[in-house]
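Here are my notes for a first look at this model. Keep the structure open beside them as you read.

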Amino acid sequence: MIIWDDHFHVDPYKGIFLEAVRQFHRAGGTHLVVVYKTAHDYGFSGLRAEDFMNAMDFHIGLVEKINKETPVKAYAVVGVHPAEFVYLAEQKGLEYAKNEVMKALEYAQGLCMEGKAIAIGEIGRPHYEVSEEIWNASIELMKYGMSLAKEADCAVQLHTESFDEEKFRELGKYVREVGIKPYKVVKHFSPPLVKVAEEVGVFPSIIASKKNIKEAIEQGNRFMMETDYIDDKRRPGAVLGPKTVPKRTKAFLQNGLFTEEDVYKIHMENPRKVYEVEVEED
Ligand SMILES: [Zn+2]
């Protein structure tokens with residue numbers, strides 16, 4: 001059985017790195033989307049485009065290590081986290097920050113085109129209050145990232161403030177403006193609004209809590225599941241643990257909330273459509 005976690009971080013400095021991946025595997029997980037954290041997390045200052053690029057290369061190295069040293073198939077997602085842009089804009093000014101982040105996003109696009117990453121992310125806008133200037137610039141950068149993904153025909157993973165129906169519709173508007181295939185726009189940390197997401201075309205990646213997944217499957221199986229595991233020993237329990245997606249999937253299959261077809265769709269067909277990767281059992 002293929003079990004895919006759509007948003008997972010690893011941190012060789014603050015976390016347990018390969019051990020987290022092995023825990024995922026022992027619980028029944030097979031495929032992992034490993035998302036870039038921040039330049040700062042990887043030991044770079046995050047003050048220039050080159051820092052982000054070096055951090056992305058470092059991230060690709062971590063994913064290669066997972067693929068070499070564990071039975072899990074891992075895919076990289078690279079970009080500039082919206083919080084990194086906010087920080088840089090506050091340190092060095094808006095125009096400078098925008099410029100550096102744009103250069104870095106172009107580098108991320110290159111990594112997707114080389115086949116080293118499957119999506120640009122997580123990009124988007126901050127989940128906390130910022131000035132109107134920074135907010136608008138964040139939206140501009142999010143759209144720029146989407147346009148780069150469109151050009152490379154890869155996906156994007158979006159990080160945003162907490163989402164509701166209205167915000168999905170706002171996002172749908174940006175997607176149409178950019179002209180990217182809507183199913184290649186993944187809303188990470190999505191609430192279980194499967195129907196609304198389907199209407200606007202965006203692909204929801206839903207946090208695998210029991211409540212969320214129960215609400216999601218009642219509306220259909222057009223979604224992916226994620227933990228947003230952050231691999232930080234200082235913040236245990238801040239998000240779901242590495243075993244959650246396989247455990248939840250198996251439990252839902254056992255108690256009849258998922259059919260075999262649901263599992264096949266959520267973990268195999270949906271990722272295959274969004275990321276255009278071959279999803280196969282070893
Ligand atoms: Zn994340």
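1. Let's start with one term: a polar contact is a pair of N or O atoms within 3.5 Å; within protein, one must be able to donate a hydrogen and the other to accept it, and residues adjacent in sequence count only if both atoms are side-chain atoms. By that rule the side chains of His-9 and Glu-122 make a polar contact, at 3.2 Å.

2. Some housekeeping. This is a predicted model, where local features need pLDDT of at least 70 and side-chain atom pairs count only at pLDDT 80 or more, while totals for chains, interfaces and linings use all residues. Residues are numbered from 1 along each chain as its sequence is written, and side-chain values use heavy atoms, with hydrogens and water left out.

3. Now the metal. His-7 (NE2), His-9 (NE2), Glu-122 (OE) and Asp-228 (OD) coordinate the zinc ion at 2.2 to 2.5 Å. Donors here are N, O and S atoms within 2.8 Å of the metal (3.2 Å for Na, K and Ca); water is not among the atoms, so sites may look incomplete. Along the chain, the donors are spaced as H-x1-H-x112-E-x105-D. His-9, in the loop between β1 (4-8) and α1 (18-26), and Glu-122, in strand β4 (residues 119-124), are 113 residues apart, so the pair links distant parts of the chain. Helices (H or I, at least four residues) and strands (E, at least two) are DSSP runs, numbered from the N terminus.

4. Why is the arrangement around the zinc ion irregular? The four donor atoms subtend angles of 84 to 175°. Four donors count as tetrahedral if all angles lie between 85 and 135 degrees; four count as square planar and six as octahedral if opposite donors are over 155 degrees apart and all others between 65 and 115; anything else is irregular.

5. Is His-9 buried or exposed? His-9 counts as buried because its relative accessibility is 5%, and Glu-122 is buried as well. Glu-50, in helix α2 (residues 49-69), counts as partly exposed at 35%. The cut-offs are under 20% relative accessible area for buried, over 50% for exposed and in between for partly exposed (1.4 Å probe, protein chains only).

6. On to the open spaces. The largest pocket holds about 730 Å³, and of its 32 lining residues, His-81, His-127, His-159, Ile-230 and Arg-235 are the closest to its centre. On a 1 Å grid over the protein atoms alone, a pocket is an open set of points with protein on both sides within 12 Å along at least five of seven lines, a cavity is a set where a 1.4 Å probe fits but cannot get out, and lining residues have an atom within 4 Å of a point. Its lining has ten nonpolar, eleven polar and eleven charged residues. Ala, Val, Leu, Ile, Met, Phe, Trp, Tyr, Cys and Pro count as nonpolar, Asp, Glu, Lys and Arg as charged, and the others, Gly among them, as polar.

7. Grid points are joined across faces, edges and corners, and a volume is the space filled by probe spheres set on the points. The largest cavity has about 70 Å³, and α5 gives the most to its lining, with three residues. That lining has eight nonpolar, three polar and no charged residues. For the second largest cavity, of about 40 Å³, helix α6 (residues 165-178) gives the most, with four residues.
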